[in-house]
Amino acid sequence: MAAKKAASKARSTTPRKPRRKKVEPRSKGLSAAEVASEAAAQPTELIQGIQEDGGQVLSVYRDPLGAHTVVFAALPIDKVEPTPYQRDLSEPHVKRLANAMERLDRFLDPVIAVRKEGKYWTPNGNHRLNASRLLGAKSIVALVLPEEDVAYQILALNTEKAHNLKERSLEVIRMHRGLTGSRAGREADFANLFEEPAFITLGAAYEKRPRFSAGAYHPFVKRAERFLDLPMVEALKVREARADKLLELDDAVTRVVTALKDKGMQSPYLRNFVVARINFLRFKKDDSPVEFDSTVAKMLASAQKFNVEKVNKDDITRMGGAGGAEPDEE
């Protein structure tokens, strides 16, 4: 009831991204000499903390783009841990990375870290951190940033391994939970961190059902979702309620998929096929906004009265050959 009340009061907002202006080459930031100059502010408290934690400050400099202070340091590896809201670790990726590092016998890519209560959160170095641990390393070099809030923003720079939909959605909902209660403001205030409102709802669904096949639902969820102009706690309740509705729809779609399989139809695109059939938004050619709750309710009703007798194998084959849909993620 509380979630429905909050949803009824929610006002949607879609922030418009400003168009990047063309800049002249070599017109922004610092020169090499300025990066290394002594003009960099000395974060005394941070430096002292690193030393007390058993680390060693190697250098203090200003980053070449925004002139922000960065501390280059060697940290005890057992003091470094991933942020609690990033994607899950890929063990095969860790092993491949460890093998490559072992062959080279070098660690050349420092992690980024922020100091948090005597520990160091790394928002983008979890695989490198675990590969180093696998190799028995005692320490790890890091670019330590004085501003803790950067840990919530730095994920946008993570190019260590491409995210799939599940990884990105889980990362965003964990970040949402981390911000809820610890930051003042509304969900829409953090739009630049979350990137896409659909990720929040899909992430909440993945938490409840790890084998959820979000790829089939992402297109319509992306169209129906907006960042909520609600305080974070209330917004999270709305997201939880929407995830429940999405999983209810998924249950209905699963029953249709099972019925199609019982008829002898086998394809990795069955779920995508069913969702595409019940997705009435494909007939809406304009980009007018749609409401999440009413959209899911209408699709659920269509799924519940889906007639599998009207489906033939050619329909499924055409779905697989279209090339536009991703197969089931299960």
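Helices H9 and H11 cross in a right-handed sense. In this predicted model, H9 covers residues 197-208, and its axis lies 8 Å from that of H11, at an angle of about 65°. H9 and H11 are therefore roughly perpendicular to each other, since angles of 65 to 115 degrees count that way. Which residues of H9 meet H11? They are Pro197, Ile200, Thr201, Leu202, Ala204, Ala205 and Lys208. Facing them from H11 are Arg239, Glu240, Arg242, Ala243, Asp244, Leu246 and Leu247. If you sort the residues of this contact by class, you get eight nonpolar, one polar and five charged.

Let's stay with H11 and follow it to another partner. Two packed helices are described by the angle between their axes and the distance between the axes. On the H11 side, the contact is made by Arg242, Lys245, Glu248, Leu249, Ala252 and Val256. On the H13 side you will find Phe292, Asp293, Val296, Met299, Leu300 and Ala303. The contact of H11 with H13 has eight nonpolar residues, no polar ones and four charged ones.

Helix H12, residues 270-278, has an axis that comes within 9 Å of the axis of H11, and the two cross at roughly 120°. How does H11 lie relative to H12? The angle makes H11 oblique to H12. H11 passes H12 in a right-handed crossing. From H11, the residues that take part are Leu249, Asp250, Val253, Thr254, Val256, Val257, Leu260 and Lys261. They meet Leu270, Arg271, Phe273, Val274, Val275 and Ile278 of H12. By class, this contact holds ten nonpolar, one polar and three charged residues.

Now let's turn from helices to strands. The model has an open sheet of six strands, in the order S2-S3-S7-S5-S6-S4, and the pairing is mixed. Strand S2 (56-62) and strand S4 (80-82) stand at the edges with a single partner strand each, so one side of each has no neighbour in the sheet. From one strand to the next, the twist averages 40°.

We can walk across the sheet from S2. Strands of a sheet pair through backbone hydrogen bonds, either parallel or antiparallel. S2 and S3 are antiparallel and share six bridges; one of the paired positions is Tyr61, whose bridge partner in S3 is Val70. The two strands form a hairpin with six residues between them, and in the turn Ala67 has a positive phi of about 65°. Next, strand S3 (residues 69-76) pairs with S7, again in the antiparallel sense and over six bridges. Here Ala74 has Val141 in S7 as its bridge partner.

In which sense do S5 and S7 pair? They pair in the parallel sense, over four bridges, and Ile112 finds its bridge partner in S7 at Leu143. Strand S5 (residues 111-116) then joins strand S6 (residues 119-122) through three bridges, with the two strands running antiparallel. In that pair, Arg115 has Tyr120 of S6 as its bridge partner. A helix also lies over this part of the sheet: helix H5 (residues 126-134) lies across S4, S5, S6 and strand S7 (139-145), running at about 135° to S4.

Finally, a word about confidence. The mean pLDDT of the protein is 85, and 86% of its residues reach 70 or more. Over residues 7-14, however, the pLDDT is below 50, and this stretch has twelve contacts in the model beyond near neighbours in sequence. Residues 321-326 also have a pLDDT below 50, with five such contacts.

Methods
Residues numbered from 1 in each chain as written. Predicted model: local features only at pLDDT ≥ 70, side-chain atom pairs only at ≥ 80, totals over all residues. Heavy atoms only, no water. pLDDT = per-residue confidence, 0-100. Contact = heavy atoms within 4.5 Å. Nonpolar A, V, L, I, M, F, W, Y, C, P; charged D, E, K, R; others polar. Axes fitted to C-alpha atoms, helices over the stretch in contact; angles between N-to-C directions. Parallel < 35°, antiparallel > 145°, perpendicular 65-115°, else oblique. Left-handed = near helix turned anticlockwise from the far one by under 90°. Pairing = 2+ DSSP bridges.
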